[in-house]
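This report concerns a single protein chain, shown below with its sequence. Please keep the structure in view while reading.

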Amino acid sequence: MKSQKTWPPIWTVVLVLGAVVLYWGLNHLGPITRALGTLLGFFFPFFLGLGMAFLLNIPMRAIERGLNCLTQGKAGKGLRPVSLILTLLAVLGVITGVVFVVIPQLADTARSVVSQVSVFLSECQVWLQELLVRYPDLPDFITSLDLNALITDLPGKITALLDSAGSQVVNSSITVATSVFSGVMNFSIAFVFALYVLAGKERIFRQFGHLLAAFLPDRWLDRLHYVARRVDKIFSSFFTGQCVEACILGALFFISMTLLRLPFASLVAVLVGFTALIPVFGAFIGCVVGALLILVENPIQALWFVILFLVLQQLEGNLIYPRVVGSSVGLPPIWVLAAVTVGGSMFGLVGMLLFIPTVSVLYSLLRDTIRRRLREKAARAAGEQAPEPPAKPS
């Protein structure tokens with residue numbers, strides 16, 4: 001009898017095809033990277049718009065719930081445009097307030113730096129005069145140096161330097177103008193796309209859910225819904241907690257610096273609050289910049305500012321952050337540090353902000369899976385060790 005032909009298992013075929021594709025990709029890594037970069041450039045405004053929509057949806061959802069409670073649910077669909085407009089006005093008000101606080105302080109800082117530079121130059125002039133008095137042979141020594149060749153070649157060197165600098169300035173200006181125009185266009189497209197997403201988010205989610213339900217099994221669909229709810233909860237709680245924690249820390253710095261009569265209280269408070277949005281390392285960046293600003297005015301006050309920062313940092317790390325942000329993240333400190341380090345090294349500031357909630361989502365999903373499998377294993381072990389029921393009498 002002729003033996004029936006057998007085909008290899010499906011996973012063997014998938015493994016072989018995956019190895020072939022991986023080998024081909026490694027040999028054509030340059031073109032693939034360029035193609036992916038071009039494709040990402042096309043879709044970047046829409047990814048940015050989705051990110052903006054997610055961030056704006058956090059306050060808009062709270063405003064919409066508040067308006068719904070005030071109107072007792074009678075407003076209906078009219079709440080969406082009102083809550084969206086109120087959210088945009090609130091964000092615009094925060095940005096305007098920060099600008100009006102920062103710009104005057106920056107102008108005062110620039111004037112202070114200029115005055116300090118003039119004082120420094122006058123001190124240098126006095127030091128030079130004292131040096132000439134102490135060493136009267138110094139002018140003769142300078143004149144004895146052979147400076148003729150340097151003076152002769154100086155105009156040619158200056159001309160060549162100006163030519164190269166001029167071409168570099170033109171090229172840099174064109175590059176900067178192109179980058180600014182591209183950035184403005186991408187931001188405009190992303191902002192309009194975010195508004196469309198926020199205005200009809202229920203309809204978009206419903207259509208996307210129908211698409212997934214048509215092509216995915218029910219088991220996968222339930223798991224995907226579970227993961228999506230976990231991602232939304234952790235990311236929303238993380239960004240909300242970061243903003244609240246930054247506002248609290250900025251207010252503490254403003255109040256304490258005002259009581260201690262330290263300069264640039266509002267500017268440093270805004271700076272520390274803004275940099276505190278960066279997890280772990282952000283507040284230290286604000287401390288360094290604030291200390292340098294105060295150092296221009298008074299070195300002793302800069303020292304007091306550093307001491308104040310260390311005290312408030314301990315208060316923030318031991319009391320504020322665990323209560324405001326820690327519960328939403330749910331990560332051990334070692335994993336928070338690892339997420340910030342890896343995210344910052346790979347994607348900079350954006351990586352620092354996104355890697356903590358991303359790792360938190362993965363950590364929580366892995367924790368739930370481990371607990372479920374341990375419960376199933378314990379249940380199977382208990383079932384195997386259960387005594388057999390007594391036989392019924394015949």
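Predicted model: local features only at pLDDT ≥ 70, side-chain atom pairs only at ≥ 80, totals over all residues.

Residues are numbered from 1 along each chain as its sequence is written, and side-chain values use heavy atoms, with hydrogens and water left out.

**Salt bridges**

Side chains of opposite charge can pair when their charged atoms come close. A salt bridge is defined here as a side-chain nitrogen of Lys or Arg within 4 Å of a carboxyl oxygen of Asp or Glu. By this rule the model holds 5 salt bridges.

| Pair | N to O distance |
|---|---|
| Asp 232 and Arg 61 | 3.6 Å |
| Arg 80 and Glu 202 | 2.8 Å |
| Arg 230 and Asp 368 | 2.9 Å |

Helices are DSSP runs of H or I with at least four residues, numbered from the N terminus. The pair of Asp 232 in helix H7 (residues 218-259) and Arg 61 in helix H2 (residues 29-71) links parts of the chain 171 residues apart. Arg 80 in helix H3 (residues 79-134) and Glu 202 in helix H6 (residues 201-215) are 122 residues apart. Arg 230 lies in H7 and Asp 368 in helix H11 (residues 333-385), so this pair ties together parts that are 138 residues apart in sequence.

Asp 232 is partly exposed at 30%, and Arg 61 is partly exposed at 25%.

The 43 residues of H2 should span 63 Å at 1.5 Å a residue, and the end C-alpha atoms are 58 Å apart, which agrees; the expected span is 1.5 Å times one less than the number of residues. H2 bends by about 50° at Phe 43, and Pro 45 follows within four residues. The bend is the angle between axes fitted to the seven residues ending at a position and the seven starting there. After H2 comes Gln 72, with a positive phi near 55°.

Buried residues of H2 include Pro 45, Gly 49, Asn 57 and Glu 64. H2 also contributes to a nonpolar surface patch, giving the most of any element with 8 residues. Among the patch members are Leu 36, Phe 42, Phe 46, Phe 181 and Ile 189, and the accessible area of the whole patch is about 1,100 Å². H2 and helix H5 (148-199) are the elements that give two or more residues. Phe 42, in H2, is exposed at 58% relative accessibility. Patch members have over 30% relative accessible area and no salt bridge; nonpolar side chains (Val, Leu, Ile, Met, Phe, Trp, Tyr) are joined within 5 Å, and like charges within 9 Å. Areas come from the Shrake-Rupley method with a 1.4 Å probe, and for residues only the protein chains shown count as cover.

**Ile 278**

Ile 278 lies in the loop between helix H8 (265-275) and helix H9 (282-297) and is buried at 14% relative accessibility. Beyond its neighbours within four places in sequence, Ile 278 is in contact (heavy atoms within 4.5 Å) with Leu 349, Met 352 and Leu 353.

Definitions and conventions:
Buried < 20%, exposed > 50% of the residue type's maximum accessible area, 1.4 Å probe, protein only.
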